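Take a look at the picture, then follow each solution one step at a time.

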Amino acid sequence: MSAVSLRPYLPADAKRCAEIFRSSIEELTAEDYDADQREAWASRADDEAAFGARLAEALTLLAVIDGAIAGFASLKDGEEIDMLFVDPEFARQGVGRTLVDALTKLAKARGAKRLTVEASDAAKPLFEGLGFASQKRNLVRTGDQWLANTTMMKTLGAEPAPPTRH
C-alpha cells in the first residue's frame, strides 16, 4: 500500500472531485441507501461549477496516492466536516482516516473546541473509530428523496501540559 499525501484543493480539481463524489456514493453506500436515494444524492455534483465553488468556499484537502487523487474532505466554518469522499478504488486504504485526522488537527490549531459532521450511514463507523460520538439521527431531503444521516461530534480538548521538572 502506498502512502497517502495531502494537498490543498485547487479549482482545476472540481471535475475529479465530482467524479469521486458520484462514484463513492454509487459504489460505497449501496448497502445503506437505495438506488433512488443514491441518484438524488450524487446529482448534487451535476452542476460542476456550483460543486467546485462549495469545495473552494471551505478548507478542502485532497488525498493523493501515487499521483492520483484518491479522495477529498472539506472543513466548513472551522468546525464542521462538510464532505468526505473516497474513490472506491482507494477505499479501505486509510484515505478517509488520513483526511479526517488532518482536518481535526487543522480545526484544533485554529481554535475549534469541537468538530461536527453529518455522517452518512456508510461513513458512521469511520467517524466512530476516530472518536466521534453520535448526537442525533437526521432525515435530510435531497431532491425528491429522504436520506438518513447522523450528527456526530468530537471534542477537541487541549493537549495535556508537558510534565514540569523540579
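**Exercise 1. Count the positive and negative side chains, and state how far apart the centres of the two sets lie.**

Step 1: Lys and Arg count as positive and Asp and Glu as negative, while His and the chain ends are not counted. Step 2: This gives 21 positive and 26 negative side chains in the chain. Step 3: Each charge is placed at NZ of Lys, CZ of Arg, CG of Asp or CD of Glu, and the two centres then lie 9 Å apart.

Before going on, note that this is a predicted model, where local features need pLDDT of at least 70, side-chain atom pairs count only at pLDDT 80 or more, and totals for chains, interfaces and linings use all residues. Residues are numbered from 1 along each chain as its sequence is written, and side-chain values use heavy atoms, with hydrogens and water left out.

**Exercise 2. List the elements of the chain in order.**

Step 1: Find the DSSP runs, numbered from the N terminus: helices (H or I, at least four residues) and strands (E, at least two). Step 2: There are five helices and seven strands. Step 3: From the N terminus, the order is β-α-α-α-β-β-β-α-β-α-β-β.

**Exercise 3. Is serine 74 buried or exposed?**

Step 1: Locate serine 74 in strand 3, residues 68-76. Step 2: Recall the cut-offs for relative accessible area: buried is under 20%, exposed is over 50%, and partly exposed is in between (1.4 Å probe, protein chains only). Step 3: Serine 74 has 0% relative accessibility, so it counts as buried. Step 4: Beyond its neighbours within four places in sequence, its contacts (heavy atoms within 4.5 Å) include Thr60, Ile81 and Leu103. In the whole chain, buried residues make up 43% of the 166 residues.

**Exercise 4. Describe the largest nonpolar core.**

Step 1: A nonpolar core is a set of buried Ala, Val, Leu, Ile, Met, Phe, Trp, Tyr and Cys residues joined through side-chain atoms within 4.5 Å. Step 2: The largest one has 27 residues, and Ile81, Val95, Phe127 and Phe132 have the most contacts inside it. Step 3: Helix 4 gives the largest share, six residues. Step 4: Leaving out residues up to four places away in sequence, isoleucine 81 touches Ser74, Val100, Phe127 and Phe132, among others. Step 5: A second, separate core of 19 residues includes Tyr9, Cys17, Ala42 and Leu55.
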